[in-house]
Structures are given as structure tokens and as C-alpha cells.
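Thanks for coming, everyone. I have one chain to walk through today. Have a look at the screen before I start.

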Amino acid sequence: MDGTLTERTTVLRWLLTIAGLLLHVVDVWTDMALVLKYFQERHFLWTGLTLVFVLSGLVVMQIFSFAWYRDDMNDALLKPEGKTSMPGLSKCSLAVLHLHGVGIFFRYYFLIKRGFKVLWRETNSCSEEERKYEHHRLFCLAADLSMLRLLESFLESVPQLLLQLYIVLGHQECSVMQYLSMTFSFLNVAWALVDYQRCLRRSFPNVKDMLSGLPTAVYFLYKLCTIMSHLLSYTLLLILSTYSSVALAVIWLLGTAWTHLLQTDFCSSRGLELLYRAVIGFILTFTFFNVKGRDTRAAMTAYYLFHSLINMAVPLLLALLRPELVTPTVLLSVSGLVLGGSVLGLACLVIYYLFLHPSGKWLQADEVDGLGDETETTSRLQKFLQP
């Protein structure tokens, strides 16, 4: 790849990084404003749940961010030539930053600052090899952010969407702040999914990048429609009975147990690995991810068959057992969205992996098994969601 194309691509990436930072800040701000609103209205249960979702995503993101910085530092001590993504702070300083919840913002600051220096300095101020090294370093920093944002979006934005949908549909409590919170949570999830998938493919030297345009749009629709249909069906399930939250916990435990049985090896410590498996189990509650690193047709088919049965059964159960809980118009509208989203999402899944996937092979759906080990960060991205 020539230097011009690399720089043009990285400039776009730099601008998107700023946009991603702004989206993250606004998403958290609207959620915290919603916490304050519920507290003032004395809805203490909703206040607590909204706050728990916000904090869980932020705390887990800080934990993994610090752990990755620590691993990079240890790797740099063993292999000084591999020191490619260190911010120049001690472990103690980084620990303080993450304990105060600003570790992720430090990552953004360091990436934006470094990207500006690389992209707008004079071309003849460094050799071609130095330019390639600096651009690769920027990718490594962006890759870590992509993974962290993915974890945060599923731990904070997705359950936040589920809670607000339950309140709006089940309790007819509607406000501008609720709609703002749902909108930015939705955008945060969409951004994290597409950004992660593109970073994932770029991490593999022998794997083609996801093309912009139709392939990206179809992949986005596949994920978006399936996740939204799951969220809406879960919402109807909670409206049917709040005790059905136990069923959602069981689905999460099944996903966690499956990840545990696959013996993932992503983290450097046993405790972090268990946390990682629990997080992946939570992600599997809402969307399919390849944690096997090989052919996933059977697992993906079983996963979406199971969730399709849930999507069909829940509206029917609500209509037969407790039709008085929602109006017929709401029930028909939401049921149509659930079934329509499932069909459209699965259709996009098949179209993408049969006709638009960069490799042209269904066997390589959601690759996680990479080749090469140029840096610790690239290796980490290749191991992400991998046994």
C-alpha cells in the first residue's frame, strides 16, 4: 500500500476517532441526565438500574484498558523493540488515571495527539519505513479503542436500550430525555459494531479488508436488525413478567458457560479471563460472536434458531396470557418489528456471508484467528473472541 493511500485512510480514521469520542461522551451524558431525572421523579429502581448499567460499562472498560497497558509495558520490558503503543507513563500513574475513570479519555487523547503529529508533519521529515511504523502504531492504538468501545457498548448501551424500551412500552413513561438516551445508545452500539469489524479484519495481514458501501451496509443491517429484534422480544418478555429477568440471566449464563467450555485464552491472568468470559456471555445474549476461531456455521445456525424461536414465542405468549398489559396497537407494532427485524436481519446475514464477505467464504465468518504477531496490540486483536 502506498504512502498516500495509507495517509488518506489514517486521516479519515483520525477524524472518526474524534467523532467516536464525542459520541461516547454524549451517550454517557444523556444516560447520567436520565439518572438525575428518574431520581428527581422518585423512580429509585429505574435510577439504580440506569446507574448500574452506566457504571458497569465504564468500570469494565477501565479494567481492561489498564490491564492492556500493563501487558504492553511488561512486553516492552522483555522486547524493547516492540514498544509501539506506550504513552510514557508509569504503571502507578496509569492506575490512578483508570481509578478516576479517565483512562479511556487518556487513550483518546494520546491517539488524537499522536495522529495529528504523524499526519500533519512534513513528508520529508522521516523515512518511508518510519512513516509505515508510525501509521502501524496509530492502528494499534485505534484497535485497542475499538475493542474497549465494543465491550462498553454491550455492557452499557444495550441494556440501557432494553430498560428504556421496557419503561416506555410497559409503563407509558415517555420523555425527551428518554428518547435522547435511546438514540445515542443506539448510535453507540452501531458505531462500535462496524468499527470493531473493520479493525478486526485490518489486523490480519492475509485477510481482505471489509469494503465500504454495500458490504458494510448489509453487515450493519444484519447486526442491527437481529439485535433490535432481540431487544424488543426481551422487552415484551419483561412486560409479561418482571420475573422473566431470570430467563435472561439463564441465557447469559449459557453464553458464559459455552465460552468457558471453549477455554478462551485472551487475558494474562485467570481473574481477568473469567471476567472476559462473563462479558462475552453477556454479548452473546444479544448477538452472535465467533469465540471458536474456526467454522461457525453450526454454532451460528443454532444460535439464531434459538433466538428466532424466542422472537416468535414471546409476542404470542403476551397476547394469550396477559393481553391487557399493552394496547393491541402497541403489541401488533412491536410484534411486527420483532418478526420483521428477525427476517430482515437473517436475510442480510445470508447475503453478506454468501455474496459480500471479503474472503468470499462462509467458513471465515467473523474471523478471529489471525496470522503473524507484529505487535502486542495486533496479537491481542487477533486473540479477541478466540479460544
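First, a term. Buried means under 20% relative accessible area, exposed means over 50%, and partly exposed is in between, with a 1.4 Å probe and protein chains only. Cys174 is partly exposed, at 47% relative accessibility. Cys92 is exposed, at a relative accessible area of 57%.

Now the ground rules. This is a predicted model, where local features need pLDDT of at least 70, side-chain atom pairs count only at pLDDT 80 or more, and totals for chains, interfaces and linings use all residues. Residues are numbered from 1 along each chain as its sequence is written, and side-chain values use heavy atoms, with hydrogens and water left out.

Overall make-up next. The chain has twelve helices and zero strands. In sequence order the pattern reads α-α-α-α-α-α-α-α-α-α-α-α. Of the 387 residues in the chain, 52% are buried.

Contacts. Contact means heavy atoms within 4.5 Å. Take the contacts between residues at least 6 apart in sequence: 75% of them join residues at least 24 apart.

On to packing. Axes here are lines fitted to C-alpha atoms, for helices over the stretch in contact, and angles run from 0 to 180 degrees between N-to-C directions. Under 35 degrees counts as roughly parallel, over 145 as roughly antiparallel, 65 to 115 as roughly perpendicular, and the rest as oblique. For handedness, a crossing is left-handed if the near helix is turned anticlockwise from the far one by less than a right angle, and right-handed if clockwise. For composition, Ala, Val, Leu, Ile, Met, Phe, Trp, Tyr, Cys and Pro count as nonpolar, Asp, Glu, Lys and Arg as charged, and the others, Gly among them, as polar.

Pair one is α7, residues 214-240, and α11, residues 328-356. Their axes are 7 Å apart, at an angle of about 150 degrees. So α7 is roughly antiparallel to α11. The crossing of α7 and α11 is left-handed. Their contact residues divide into 20 nonpolar, seven polar and no charged.

Stay on α11 for a moment. Ile351 sits in this helix. Is Ile351 buried or partly exposed? Partly exposed, at 38% relative accessibility. Leaving aside neighbours within four places in sequence, Ile351 is in contact with Val218 and Leu356.

Pair two is α10 and α11. Their axes come within 9 Å and cross at roughly 170 degrees. These helices are therefore roughly antiparallel to each other. α10 passes α11 in a left-handed crossing. Met300, Tyr304 and Asn311 are among the α10 residues in the contact, and Leu331, Val338 and Tyr353 are among those from α11. The contact holds twelve nonpolar residues, four polar and no charged.

Look at Asn311. Asn311 lies in α10, residues 297-321. Asn311 is buried, at 2% relative accessibility. Which residues does Asn311 touch, not counting those up to four places away in sequence? Ser229, His230, Ser233, Val338, Leu339 and Ser342.

The crossing of α8 and α9 is right-handed. Trp252 and Trp258 of α8 take part, including with Arg270 and Arg277 among the residues from α9. This contact divides into seven nonpolar, five polar and two charged.

Last, backbone angles. Gln263 is not a glycine, yet its phi is positive, at about 55 degrees. Gln263 is in the loop between α8 (245-261) and α9 (270-284). Gln263 is partly exposed, at 47% relative accessibility. Arg42 also has a positive phi, near 65 degrees. Arg42 is in the loop between α1 (3-40) and α2 (44-78). Arg42 is exposed, with a relative accessible area of 62%.

That's the tour. Over to you.

Conventions. Helix = DSSP H or I, 4+ residues; strand = E, 2+ residues; numbered from the N terminus.
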